[in-house]
Amino acid sequence: MTASVNGMKKIRDSSDRCRFQRNLLRWFDRHKRDLPWRQDHDPYRIWLSEIMLQQTRVAAVIEHYRRFLRRFPSVEKLASAREASVLAAWSGLGYYRRARMLHAAAKKIVNECGGEFPESAEGLQELPGIGRYTAAAIASIVFNKPIAVVDGNVERVLQRVYGRNLSGEDLWDLAGALVSQRRPGDFNQAMMELGATICLPRQPRCLLCPVSDLCAARGELERPKKATHQTKRNIHYTLDCRNGSILMVQRSKNATLMPGMWELPEITNPGTTPHLSLRHSITVTDYIVRVFRRPVLDNLDGRWVRTSRVTSLPLTGLTRKILRAAKII
Ligand code: SF4
């Protein structure tokens, strides 16, 4: 149900802000999810989790996070790795630019900062792949800097608490005014946790909310409708398996999307019944993917890879999905 907000401001002064912080932190201490990156305040581990969590759900990150840490347990190990190994370890998480930036930042930390992370948000933002949100998250969670974060969850909570559709700097200003000076890292995580588990995009669970008496909306706000520009595209691949090997091709190093990653050969005119079909979305394109079992022309610039070794290549997310559907991996 959409709440009608009559402009009733519930947080008016510093005593309201203190009550908001106290209620939220008490709730967080009792109910926070037990997540692997909450075991300590190690900058490398927190940084890795923040990068993985960009555009990816918590449940999808947990296993990848553990595996990546086993493979690269420290910033030094990551810095000295080959890019192909980093991409292979990242495989399945998508948005590979994040992995390349992570690798570049690790090299910079080791080669230019003596292996130490900068402590300020400004210093952190000088590293590749670290923007305003990630810098604030690391500075507050690891180094206890009194700085607020704004991500999609925090934005929704703030808009409802203040009963207004806010954007841009207004959100950062309000978040900055509300953040706890004593426990900024926990406060930021608590705001994100509240958005992820209680103040849900649809049907927020206001009866369970620790700050409901300070919330102006107590429900969904009416939102301006966003236009979507999703386009549809058909795409065809061939799955050519012979003698325990599979023919794979590498995307150009200059491709805009997923440069250097490995995939199945794309074909334009299949002319037969597909072996399998599936759907896949990348940013604003919905793909209808058809996969054919068909030998590839000999002049194709590909590589035969043992099926048992194929997951050691940095595969695109779609390729991984196809190989799983075909029961090859
Ligand atoms: Fe969100 Fe409801 Fe809590 Fe307000 S009362 S912050 S709308 S869950």
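**Aromatic pairs, helix packing and the sheet**

Author: Tyrosine 44 and tryptophan 47 both lie in helix α2, 3 residues apart, which is about one turn of the helix. The model is predicted: local features need pLDDT of at least 70, side-chain atom pairs count only at pLDDT 80 or more, and totals for chains, interfaces and linings use all residues. Residues are numbered from 1 along each chain as its sequence is written, and side-chain values use heavy atoms, with hydrogens and water left out. Helices (H or I, at least four residues) and strands (E, at least two) are DSSP runs, numbered from the N terminus.

Reader: How is an aromatic pair described, and how many pairs are there by this rule?

Author: A pair of aromatic rings is described by the distance of the centres and the angle of the planes. Rings of Phe, Tyr and Trp (its six-membered ring) pair if their centres lie within 6.5 Å; planes under 30 degrees apart count as stacked, over 60 as edge-to-face and the rest as tilted. The count by this rule comes to 6 aromatic pairs. One of them joins phenylalanine 20 and phenylalanine 187, a tilted pair with 6.4 Å centre to centre and 50° between the planes. This pair links distant parts of the chain, since phenylalanine 20 is in helix α1 and phenylalanine 187 in helix α11, 167 residues apart. The rings of tyrosine 44 and tryptophan 47 have their centres 6.1 Å apart and their planes at 55°, so this pair is tilted. Tyr44, Trp47 and Phe117 form one aromatic cluster.

Reader: Are phenylalanine 20 and phenylalanine 187 buried or exposed?

Author: Buried means under 20% relative accessible area, exposed over 50%, and partly exposed in between (1.4 Å probe, protein chains only). Phenylalanine 20 is buried, with a relative accessible area of 0%, and phenylalanine 187 is buried with 2%. Tyrosine 44 and tryptophan 47 are both buried.

Reader: At what angle do the axes of α1 and α11 cross?

Author: Two packed helices are described by the angle between their axes and the distance between the axes. Axes are lines fitted to C-alpha atoms, for helices over the stretch in contact, and angles run from 0 to 180 degrees between N-to-C directions. The axes of α1 (residues 14–31) and α11 come within 9 Å and cross at roughly 75°. Angles under 35 degrees count as roughly parallel, over 145 as roughly antiparallel, 65 to 115 as roughly perpendicular and the rest as oblique; α1 and α11 are therefore roughly perpendicular to each other. Contact means heavy atoms within 4.5 Å. Among the residues of α1 that meet α11 are Phe20, Leu24 and Trp27, and the α11 residues include Phe187, Ala190 and Leu194. The residues of this contact divide into 9 nonpolar, 4 polar and 2 charged (Ala, Val, Leu, Ile, Met, Phe, Trp, Tyr, Cys and Pro count as nonpolar, Asp, Glu, Lys and Arg as charged, and the others, Gly among them, as polar).

Reader: What is the order of the strands in the open sheet?

Author: Strands of a sheet pair through backbone hydrogen bonds, either parallel or antiparallel. Two strands pair if DSSP finds at least two bridges between them. The open sheet of 4 strands has the order β5-β1-β7-β6, with mixed pairing. β5 (266–267) and β6 stand at the edges, each with a single partner strand, so one side of each lacks a neighbour in the sheet. Strands β1 (residues 231–238) and β7 (residues 285–292) run parallel and are joined by 8 bridges. β6 (residues 276–282) runs antiparallel to β7, with 7 bridges between them. Isoleucine 288 in β7 stands opposite asparagine 234 and is also the bridge partner of arginine 279.

Reader: Which residues form the covered face of β6?

Author: In a regular strand the side chains alternate between the two faces of the sheet. The covered face of β6 has Leu276, Leu278, His280 and Ile282, while Ser277, Arg279 and Ser281 form the uncovered one. Helix α12 (residues 317–325) lies across β1, β6 and β7, running at about 155° to β6.

Reader: Where is glutamine 55 found?

Author: Most residues other than glycine have a negative phi, and most peptide bonds are trans. Glutamine 55, although not a glycine, has a positive phi of about 65°. Glutamine 55 is found in the loop between α2 (43–53) and α3 (58–71), and is exposed, with a relative accessible area of 57%.
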